[in-house]
Amino acid sequence: MAFVNNDFGDVLLHRESVRDFDPSVKIPREELQQMISEAITAPSACNLQAWHFVIVDDEAGKDKLRSYFMKFNKPQLDSCSAMIQIFGDTLAFKAYRDLWNKACEDGRITPEKRDEVLNTFLPLYEKAPKSMLVNDSTVDSTIAATQLMLIARAHGYESNPIGGYDTTKAAKVFGLDPERYVPVMAVALGKPAKNGKDEMKSARYPASQVIEFA
Ligand SMILES: Cc1cc2nc3c(=O)[nH]c(=O)nc-3n(C[C@H](O)[C@H](O)[C@H](O)COP(=O)(O)O)c2cc1C
């Protein structure tokens, strides 16, 4: 799909959180799927791709989100075209063997290379403490979320990342195993309402304050 905005500088530097969307805008499901497939070109630790996306684009789904979102996120939730609740998948390593077997079948790597990758990385995850699985899947999902927000701009939409919700409820509301799926953030997508963009752009500390050369 051709991007409606293919100006990287504009996509990256003019992204800002939008909290008031035009509720009449519907994003086709094929386009939502397309945006996610573009977002998951993101890098991930050991290529584990430990992310999972629940796409909400109707009132029934929004009611589920309303049951655990904080009140101050109601305007975005009510007005957005879609809300993507992103989870880290702490058991993503269970599909890892299939991924590399397929790459081998497709002739993209040799059987020797596949075995080397599996023997190096798979035991790391099979024996990992839960904290590492949560951490790695959170990092993977956060990178995919960042790509999603930028991809959304390339498709002509705006976004708002959202962490203000009851993290203990998110997985259960969607019938997911809360031991396996850890909520990372939700991303609201849509077109801004007429005055939907905040008048004041969010401030940043100067880079000199947050960097050091070692
Ligand atoms: C992990 C995370 C959680 C956030 N949670 C919320 C939220 O619950 N509600 C909200 O309105 N904005 C939320 N934000 C958006 C931030 O407030 C916003 O990104 C920040 O103020 C910078 O503004 P900008 O996105 O316009 O550049 C969140 C952002 C991140 C990265």
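Tutor: A nonpolar patch of about 560 Å² of accessible area is formed together on the surface by Tyr205, Val210, Ile211 and Phe213. The model is a predicted one, in which local features need pLDDT of at least 70 and side-chain atom pairs pLDDT 80 or more, while totals for chains, interfaces and linings use all residues. Residues are numbered from 1 along each chain as its sequence is written, and side-chain values use heavy atoms, without hydrogens or water.

Patches are made of residues with over 30% relative accessible area and no salt bridge; like charges are joined within 9 Å, and nonpolar side chains (Val, Leu, Ile, Met, Phe, Trp, Tyr) within 5 Å. A salt bridge is a side-chain nitrogen of Lys or Arg within 4 Å of a carboxyl oxygen of Asp or Glu. Accessible areas come from the Shrake-Rupley method with a 1.4 Å probe, and for residues only the protein chains shown count as cover.

Tyr205 lies in the loop between strand E4 (181–190) and helix H9 (207–210); helices (H or I, at least four residues) and strands (E, at least two) are DSSP runs numbered from the N terminus.

On a 1 Å grid over the protein atoms alone, a cavity is a set of points where a 1.4 Å probe fits but cannot get out, a pocket is an open set with protein on both sides within 12 Å along at least five of seven lines, and lining residues have an atom within 4 Å of a point. Grid points are joined across faces, edges and corners, and a volume is the space filled by probe spheres set on the points.

The largest pocket has a volume of about 250 Å³. Eleven residues line this pocket, and Arg15, Glu16, Lys201, Ser202 and Arg204 are the closest to its centre. Its lining has three nonpolar, two polar and six charged residues (Ala, Val, Leu, Ile, Met, Phe, Trp, Tyr, Cys and Pro count as nonpolar, Asp, Glu, Lys and Arg as charged, and the others, Gly among them, as polar).

The second largest pocket holds about 170 Å³. Its lining has six nonpolar, three polar and one charged residues, and helix H7 gives the most, with four.
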